[in-house]
Amino acid sequence: MRPTVLLSLFAAATAWAPQPRKQFSIKSSSIESAPQSFDPLNLSDDISNVQKTSSSPVRPEAVFLASALPLIANPSVASAATAGAPNAVGSAFAAYGHYISLIGILACIMAERLTIKPNMTEEEEDFIAAADIGLGVWGVGIAYSGYLRAVEYEKGFDFYAHEPLFWLKIAFVGVFGASSFFNTVVIIQRAIAKRNGNFTPMGEKLSNRMIRICNAELTAIAIIPLTATFMARGVGYSQDFPWQAEAALAALVFGGLSFKYIKEALTFEDNPASLAASED
């Protein structure tokens, strides 16, 4: 390592060393021809040449050599930056899968939110069914990539387990997933009814409820990344934190809300007046 340091210092000194100065003369005809004038401070001498010097700039190739020399002489220095990330490629793919899944989920929810309305056509009902399938696929993707990031990559599960905001994030994800069951169950019911020839236009009461679910999902998507940013920076981290209790609470929230929304979807009755108006 000592020869590397010496070579680096030598290259840096060469890079910043001044170059030989070039001298050039400028004839001052005005000084030669001018007669002696009043000059109490002796600012001008009776000279014929004025010499100026200029310093050359630092050579960029030498600066580059000075910077690269330690890496060339000692290759282990080049890998020092990635020494703490042995699974950098896998971690990068997991992060990319997590982010792209979030974008896909957002796109599917927006598609449902902008399409759902009373008296939808069969084509529009098929469209929201396809969007809901996409929501499920992207949901599996974000769950799997999130699992990999929490367990296999990043800071490791031991860090996240003792981070209260991690479990708060899991609880929000549980609320998001459970609320989405309402729209999913309704869409499945209507798809089965349509296949059996019992298609009836959606009423205003049911469409408004599904739109509110979409709004709640969009709100959750805005909150969950915020908790993730604080979580990743260790805000609130405590080694003495009883994470088992927080994990049980998050599971209870998801299970309880899932039962609530699925039951509501199965027993939901649309507005008869809206249906009658659509038939008229």
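**Helix packing and the main pocket**

Helix α8 passes helix α10 in a right-handed crossing (right-handed if the near helix is turned clockwise from the far one by less than a right angle, left-handed if anticlockwise). The model is predicted: local features need pLDDT of at least 70, side-chain atom pairs count only at pLDDT 80 or more, and totals for chains, interfaces and linings use all residues. Residues are numbered from 1 along each chain as its sequence is written, and side-chain values use heavy atoms, with hydrogens and water left out.

**α8 with α10**
- α8 spans residues 164-195 and α10 spans residues 243-267; helices are DSSP runs of H or I, at least four residues, numbered from the N terminus.
- Their axes lie 8 Å apart at an angle of about 15°; axes are lines fitted to C-alpha atoms over the stretch in contact, and angles run from 0 to 180 degrees between N-to-C directions.
- The two helices are therefore roughly parallel (under 35 degrees; over 145 is roughly antiparallel, 65 to 115 roughly perpendicular, the rest oblique).
- Their contact holds 21 nonpolar, 5 polar and 2 charged residues (nonpolar: Ala, Val, Leu, Ile, Met, Phe, Trp, Tyr, Cys and Pro; charged: Asp, Glu, Lys and Arg; polar: the others, Gly among them).

**α8 itself**
- α8 has 32 residues and reaches 47 Å from its first C-alpha to its last.
- That is close to the expected 46 Å, taken as 1.5 Å times one less than the number of residues.

- α6 and α8 have axes that come within 10 Å and cross at roughly 150°.
- That makes α6 roughly antiparallel to α8, and α6 passes α8 in a left-handed crossing.
- α5 and α9 have axes that come within 9 Å and cross at roughly 155°.
- This pair is roughly antiparallel too, and α5 passes α9 in a left-handed crossing.

**Largest pocket**
- The largest pocket holds about 1100 Å³ of space (a pocket is an open set of points on a 1 Å grid over the protein atoms alone where a 1.4 Å probe fits, with protein on both sides within 12 Å along at least five of seven lines; lining residues have an atom within 4 Å of a point).
- Its lining has 38 residues, with H98, I142, A143, K169 and V173 nearest the centre.
- α5, α6, α7, α8, α9 and α10 each give two or more residues to the lining.
- α6 gives the most, with 12 residues.
- The lining divides into 25 nonpolar, 9 polar and 4 charged residues.

Key: Points joined across faces, edges and corners; volume = space filled by probe spheres on them.
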